[in-house]
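Work through the exercises below with the structure open beside you. Try each task before you read its solution.

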Amino acid sequence: MPMECTPVCLDKQASETFLSLQNNIIQVCGVGEVEIPPDRGLLRVTVTSTKSTSEEAVNSVERRFEYILHTLRTHGAEEEKNTVTRHLIRQSPDSYIMQADVEASFRRIEDCQTAAVKLVQKLDSTVHVGKPEFYHSSPARETARKKAFSEAVCNAQEKVSDLASVFAVKTGEPLLILEEYSEVHPFRETRQLKESNETVSPLRRSLQEETYFAKSKILVKFEIGTKTTQECYKKAEKKN
């Protein structure tokens, strides 16, 4: 039963088609490509305090740091994946610098952005909230690879169907299905796209730059047999 799918982009220039009626073979190449938008967010937050005693410096940072961790948690951060570091430095006999950092991962990039906005609004300049970063999870990459392969199959099926119709032949089971290559490559900015992106916000541009593409190219060989005269007549009658 034919597979139903809608290709995002098909590289027709890379396609190769071969038909040999003498050897009863149809050989085609199918190409599929899909976008992989980032599906994970990463946010880094740093708190710094300089006080005359170590106890004051630590307490000052810890009060705000607990609020930061709570805000990250309530906005969907994966607490078990948080990376937390704390440093206390004696700058002089009566000056101590305390610094605490957290790197938080989010399953949804929207939650990452919301948490960043919340922290910037509520905390002062002693807290540095980094720009949200975006990346791809391993499952997202694997799913995209499979979709690209499926679309390559659809592309090959379409070509075989067209050839069978043009040359009045019918195809049997595939003799060979070979994936020639499968790759995931990053966003490639063209000059035209760069010019159109001059007015795009930095955050949206960052999302675009972290969009990857999965591409698959397959080789398929089918055994063919000539259609019967009756089948050819029926086809001609339908056209008339």
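**Exercise 1. The end of helix 1**

Task: Which residue takes a positive phi just after helix 1, and how does the length of the helix compare with the span expected?

Solution. This is a predicted model.
Step 1. Go to the end of helix 1: Gly 76 follows just after, with a positive phi of about 95°.
Step 2. Count the helix. Helix 1 covers residues 54-74, which is 21 residues.
Step 3. Compare the lengths. At 1.5 Å a residue, 30 Å is expected, and helix 1 reaches 30 Å from its first C-alpha to its last.

**Exercise 2. The cover of helix 1**

Task: Find buried residues of helix 1. Then name elements that cover them.

Solution. 
Step 1. List the buried residues. Among them are Ala 57, Val 61, Phe 65, Ile 68 and Leu 72.
Step 2. Val 127 sits in strand 6. Val 127 touches Arg 64 and Ile 68, among others.
Step 3. Classify Val 127. Its relative accessible area is 9%, so Val 127 is buried.
Step 4. The C-alpha atoms of Val 127 and Ser 49 are 9.1 Å apart, although 78 residues separate the two in sequence.

**Exercise 3. A residue of strand 4**

Task: Is Arg 86 buried, partly exposed or exposed? Which residues does Arg 86 contact beyond its neighbours within four places in sequence?

Solution. 
Step 1. Locate Arg 86 in strand 4, residues 83-92.
Step 2. Read its relative accessible area: 41%. Buried needs under 20% and exposed needs over 50%. Arg 86 is therefore partly exposed.
Step 3. List the contacts, leaving aside neighbours within four places. They are Glu 62, Phe 65, Glu 66, Met 98, Gln 99 and Ala 100.
Step 4. Compare sequence with space. Arg 86 and Val 102 are 16 residues apart in sequence, and their C-alpha atoms are 9.0 Å apart.

**Exercise 4. The two sides of helix 2**

Task: Why do the buried residues of helix 2 line one face?

Solution. 
Step 1. Pick out the buried residues of helix 2: Ile 109, Cys 112, Ala 115, Ala 116 and Leu 119.
Step 2. Look down the helix axis. These buried residues fall within an arc of 120°, so they line one face of helix 2.
Step 3. Turn to the other side. Gln 121 and Lys 122 are exposed there.
Step 4. Check the length. Helix 2 has 14 residues (109-122), so at 1.5 Å a residue it should span 20 Å. Its end C-alpha atoms are 20 Å apart, which agrees.

**Exercise 5. Helix 3 and what follows**

Task: What span should helix 3 have? Which residue with a positive phi follows helix 3?

Solution. 
Step 1. Helix 3 has 29 residues, 138-166, so at 1.5 Å a residue it should span 42 Å. The end C-alpha atoms are 43 Å apart, which agrees.
Step 2. Inspect Val 160, which lies in helix 3. With a relative accessible area of 5%, Val 160 is buried.
Step 3. List its contacts, not counting residues up to four places away. Val 160 touches Ile 26, Val 28, Thr 171 and Phe 222. From Val 160 to Val 28 is 132 residues in sequence but 7.0 Å in space, C-alpha to C-alpha.
Step 4. Ala 168 follows, with a positive phi near 55°. This residue is not a glycine.
Step 5. At 23% relative accessibility, Ala 168 is partly exposed.

**Exercise 6. The whole chain**

Task: How many helices and strands does the protein chain have? What share of its residues is buried?

Solution. 
Step 1. Count the elements: six helices and nine strands.
Step 2. Of the 240 residues, 38% are buried.
Step 3. Residues 24 or more positions apart account for 80% of them.

Definitions and conventions:
Residues numbered from 1 in each chain as written. Predicted model: local features only at pLDDT ≥ 70, side-chain atom pairs only at ≥ 80, totals over all residues. Heavy atoms only, no water. Helix = DSSP H or I, 4+ residues; strand = E, 2+ residues; numbered from the N terminus. Buried < 20%, exposed > 50% of the residue type's maximum accessible area, 1.4 Å probe, protein only. Contact = heavy atoms within 4.5 Å. Expected span 1.5 Å × (residues − 1). Arc of directions from axis to C-beta.
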